[in-house]
Amino acid sequence: MFDLISRYQDQLLDAFWMTIKLTLLSAVGALILGTIVAAMRVSPVPVARWVGTAYVTIFRNTPLTLILVFCSLGIYTTLGVKLASESSGLDFLPTNNFRYAVLGLSIYTAAFVCESIRSGINTVPMGQSEAGRSLGLTFGQNLRYIVLPQAFRSVIAPLGSVLIALTKNSTIAAAIGVAEAALLMAEMIETEADVLAIGAIFALGFVILTLPTGFVFGWLAQKFEVKR
C-alpha cells in the first residue's frame with residue numbers, strides 16, 4: 001500500500017485536487033441555484049411554485065450519471081455547445097468536460113440543497129414573516145432579510161451532509177473523462193495487481209476529505225443554530 005502511494009504520489013495529489021475543485025465549484029453553484037429554487041417553492045406565485053416543484057421532482061429522481069452523460073454527449077456532442085474555448089488546444093476537452101461536470105453536479109445537488117433550505121424556511125415562525133409584510137416588505141425583501149438568514153442557521157448540519165454527498169458523487173465525473181480520483185483508481189486497477197490496497201488508498205482519501213467536513217459543519221450547527 002505504501003509502495004503504491006509513493007509511486008503514484010503525484011497522480012494521487014492531482015486526482016484528489018481535481019475532486020476538491022469539482023466539489024467546491026459545484027457546491028457554490030448548487031447553493032446559489034438551490035436557494036433560488038427554494039424561494040420559488042415558497043413563492044406566492046403559483047407558476048413559480050410549480051416550476052420549483054417540477055425541478056426538484058425531476059432532478060432528485062434522475063440518476064446523476066445520466067445527467068452528466070447528457071451534459072457531455074447531449075449538449076456538447078449533439079448540440080455543439082462548448083463551455084471552453086477551442087483555442088486552448090490540448091486543454092480544450094479536459095476543461096470542457098470539467099465544466100460540464102461542474103454544471104451537472106450543480107444542477108443535481110441543487111435539488112437537495114433546495115429541500116434542505118425549504119425545511120429551514122418552514123422552521124421560521126409565521127409571525128416573523130407577517131411582521132415583515134406589515135412593515136411593507138416585499139416577498140423578496142422578506143425572504144432576504146428575515147426568513148433566509150434564520151433558515152440557513154437552521155439547516156447548517158443538513159447542508160453539511162449534502163456537501164459530503166457531493167464530494168462522493170464527484171467520482172461519477174469519471175464517466176465523462178474528468179481526471180479525478182475515481183478515474184485514477186480505475187487506471188491503477190488495470191495496471192496493478194493489489195486491488196484491495198488500491199481500494200483502501202482511495203477510501204482513506206475520501207475519509208480524509210469528508211470527515212473534517214462533518215466535524216466543521218457539526219461545530220457550526222451547534223454555534224449558530226437558532227435557539228427555539
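Reply: Happy to! Let's start with burial: Glu115 and Arg41 are both buried, where buried means under 20% relative accessible area, exposed over 50% and partly exposed in between, using a 1.4 Å probe and protein chains only. For Glu115 the relative accessibility is 17%, so this residue counts as buried.

A word on the basis: this is a predicted model, in which local features need pLDDT of at least 70 and side-chain atom pairs count only at pLDDT 80 or more, while totals for chains, interfaces and linings use all residues. Residues are numbered from 1 along each chain as its sequence is written, and side-chain values use heavy atoms, with hydrogens and water left out.

Searching the whole structure turns up three salt bridges (a side-chain nitrogen of Lys or Arg within 4 Å of a carboxyl oxygen of Asp or Glu). In one of them, Glu115 pairs with Arg41, with 2.6 Å between the closest N and O atoms. That pair joins distant parts of the chain, 74 residues apart: Glu115 sits in helix H5 (residues 92–123) and Arg41 in helix H2 (residues 9–41). Helices here are DSSP runs (H or I, at least four residues), numbered from the N terminus.

Glu115 also forms a salt bridge with Arg60, at 3.7 Å from N to O. Because Arg60 belongs to helix H3 (residues 46–60) and Glu115 to helix H5, this contact ties together parts 55 residues apart in sequence. Arg60 is partly exposed, at 37% relative accessible area.

Glu115 meets Arg118 as well, at 3.1 Å from N to O. Both lie in helix H5, three residues apart, or about one turn of the helix. Arg118 is partly exposed at 23%. Put together, Arg41, Arg60, Glu115 and Arg118 make up a salt-bridge network.

Note on methods. Helix = DSSP H or I, 4+ residues; strand = E, 2+ residues; numbered from the N terminus.
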